[in-house]
Amino acid sequence: MIRLFDTHHIRKIYELDGMWEFKMYGIDKTYRLPVPGCWEQHPDFLGHRGKGTYTRKVYINRDCNVRLEFKGVSHTADVYFDGEKISHHYNAFTPFSAVITNVRQGEHEIKVEVDNTFSESSALHIPNDYYTYGGITRPVALEQIADVYIKNIRFTPYQKNGKWNAKIEINISNLSDKTVTVDVKSTIDRYEMDCNVDINSEITVVFDREFDDVKPWSGKQPDLYMLNTVISVNGIPVDDLIERVGFRIVEIIGTKIYLNGEPVYLKGFNRHEDYAVDGCAITLQHMVQDMDLMQDMNVNAVRTCHYPDDERFLDLCDERGIMVWEENHARGLVLKDMQNPNFEKQCEDCIREMIENHYNHPSIIIWGILNECASETDEGRRMYKKQYEQIKSLDLSRPTTSATCRHFADICLDLPDIVSFNMYTNWYQDGDISKRNDEEIEWIQSSGGENKPIIVSELGAAAIYGYRDRSRCKWSEERQADIIRDNLEVYMNDDRITGVFIWQFADCRVTEEGDWFTTRARCHNNKGVVDEYRRPKMAYDIIKDMFDI
């Protein structure tokens, strides 16, 4: 399943989920592995890092153009169609596509070479506090497209004179060498917009109008609308694209975040895409389970640490009114890591692909970058500034932030719209939580963050599921519950703070390479409120009670 709703009625789309032929480099054996899936779920590759090749045959039932879309390959992909290379892509967490023109009816071969190794060519996937899996980890689709087709749509709601308006930008491509006259019709509810345009290569059609009786999207009432766009040539419909959208605006007013003119307080989790039996290729059933458990704990927000999420999970957030902080893929990088010659280009690609593909989700209210990176350095500041500017060039409708742990040293607090800090008082360092919080906020306000909203982007403690100890020692469920409760009591009663995100929802696997295993029992980050099988720890009920406000 690509999305939780039909995205086309005219364009033919075939999902390529299923069993693919697989060969791992250096192993003289052919396997059949599931797509989506991680090769670590096979007993021969439980911790294998390397290069492998996925292959399958497809049958095209008529002469046409073909568009292949990959929602995620971890972490580097080279795609071949009938032996010809058609795409190269880096980053496990953003989708990419390729168009093949003039494909003949008959059987064809798709081959994907996948690499999850660590090397200089990978600036973002490095040994880290989460695991870099290998495989085609998100859904794949094959589409039959006409010479003229819709590439993407951007829906931007806004208010004018107390009325809801929206700007709809429709990007249309012409693969032929002839100028074509195209009729464009876009429909939301009972509202229709249409025009005729001539297109010789690519064009963006813009509709901008008032919608006088739509309902806004919010956490309490997440109303959604189907935006159905059809293009026709000579009166014959040739392509369509359906997006699901919501009317809402996000604003920063002083030190508060406003949704549709009302202040919101974010109560959420940091969530990795990792499940014990799935790896990062989480099934829809397990996504729904995660959502059910988080909502049972009364959350209203989630942070997609530390990369863009599977779009089906974002669809669930749209449906359920869960506000999302989505961020690009860069976590815990020191200056030397950020000086990798591939770093800036790979970050730029990730931000562009994240925003282009996820722009229409009303649930996404914040774009984030560069979690715990070198924001205390001049060179790091240049890169932070560059990335914030890129986001603003792509989307002015959402505020920006980044989570810092460079306490009393960060020189980038003036750059984002929201200041966010990660703090683990009484886990990594003991002390008075209230005093430490006052010191942090006073420093933020005197170092560029004055009159900005402040979010505690990470707080928490580790516990091994099932380990109970009446002394409440570290690694026990009792100590984790105590630390989370004590921290939330301070942060949630401080009017200077506008949101908290607990680290983290579920235990996740970490890499054995590097030094992470030395402080991560079981080679897992054990700060989850549930374990990797989603079994609740004692902190679960503490959070459920404290978030029930």
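**Notes for a first look at this model**

1. Let's start with a cysteine towards the end of the sequence. Cys 523 sits in the loop that runs from strand 32 (508-509) to strand 33 (524-525). The phi angle of Cys 523 is near 55 degrees, a positive value in a residue that is not glycine. Please keep in mind while reading that this is a predicted model.

2. Now for the overall build. The secondary structure comprises eight helices and 33 strands. How does the radius of gyration compare with the globule rule for 549 residues? The radius is 24 Å, close to the 24 Å given by that rule, so the protein is as compact as a globular protein of that length. Taken along the principal axes, the C-alpha atoms fill a box of roughly 75 × 70 × 45 Å.

3. Of the 549 residues, 59% count as buried. The protein exposes about 21,400 Å², and carbon and sulfur atoms supply 46% of that area. Among contacts between residues at least 6 apart in sequence, 70% join residues at least 24 apart.

4. How many disulfides does a search of the whole structure find? The count is zero. Take Cys 317: the closest cysteine sulfur to its own belongs to Cys 305 and is 13 Å away, which is too far for a bond. Cys 373 is in no disulfide either, as the nearest cysteine sulfur, in Cys 347, lies 7.6 Å away. For the link to count as a disulfide, the two sulfur atoms would have to be within 2.5 Å.

5. Are these two cysteines buried or exposed? Cys 317 counts as buried, with a relative accessibility of 0%. Cys 373 is buried as well, and its relative accessible area is also 0%.

6. Two peptide bonds deserve a look in the viewer. The bond from Val 35 to Pro 36 is cis, with omega near 0 degrees. Pro 36 belongs to the loop between strand 3 (31-35) and strand 4 (51-60). Another cis peptide bond joins Ser 74 to His 75, where omega is about -10 degrees. His 75 is in the loop between strand 6 (73-74) and strand 7 (76-81).

7. Next comes the loop between strand 28 (403-404) and strand 29 (419-422), which holds Phe 408. Phi of Phe 408 is near 65 degrees, a positive value for a residue other than glycine. Phe 408 is partly exposed, at a relative accessible area of 44%.

8. Arg 406 is found in the loop between strand 28 and strand 29 too. Is this arginine buried or exposed? With a relative accessible area of 17%, Arg 406 is buried, because the cut-off for buried is under 20%. Setting aside residues up to four places away in sequence, Arg 406 touches Leu 333, Val 334, Glu 372, Cys 373, Ala 374, Ser 375, Glu 376 and Trp 443. Phe 421 is 15 residues from Arg 406 along the chain, and their C-alpha atoms are separated by 8.5 Å.

9. Ala 166 takes us into a strand: it is part of strand 14 (residues 163-174). This alanine is buried, with a relative accessible area of 1%. Beyond its neighbours within four places in sequence, Ala 166 contacts Phe 155, Thr 156, Pro 157 and Tyr 158, together with Phe 207, Asp 208, Arg 209, Phe 211 and Phe 247. Ala 92, 74 residues away in sequence, is 32 Å from Ala 166 in space, C-alpha to C-alpha.

10. We finish with Arg 535, in the loop between strand 33 and helix 8 (539-546). Arg 535 counts as partly exposed, at 38% relative accessibility. Which residues does Arg 535 contact, leaving aside neighbours within four places in sequence? They are Tyr 465, Val 529 and Val 530. Gly 466 is 69 residues from Arg 535 in sequence, and the C-alpha atoms of the two are 9.4 Å apart in space.

Notes
Residues are numbered from 1 along each chain as its sequence is written. This is a predicted model: local features need pLDDT of at least 70, side-chain atom pairs count only at pLDDT 80 or more; totals for chains, interfaces and linings use all residues. Side-chain values use heavy atoms; hydrogens and water are left out. Buried means under 20% relative accessible area, exposed over 50%, partly exposed in between (1.4 Å probe, protein chains only). Helices (H or I, at least four residues) and strands (E, at least two) are DSSP runs, numbered from the N terminus. The radius of gyration is taken over C-alpha atoms; the globule rule is 2.2 Å times the number of residues to the power 0.38. Contact means heavy atoms within 4.5 Å. Accessible areas come from the Shrake-Rupley method with a 1.4 Å probe; for residues, only the protein chains shown count as cover.
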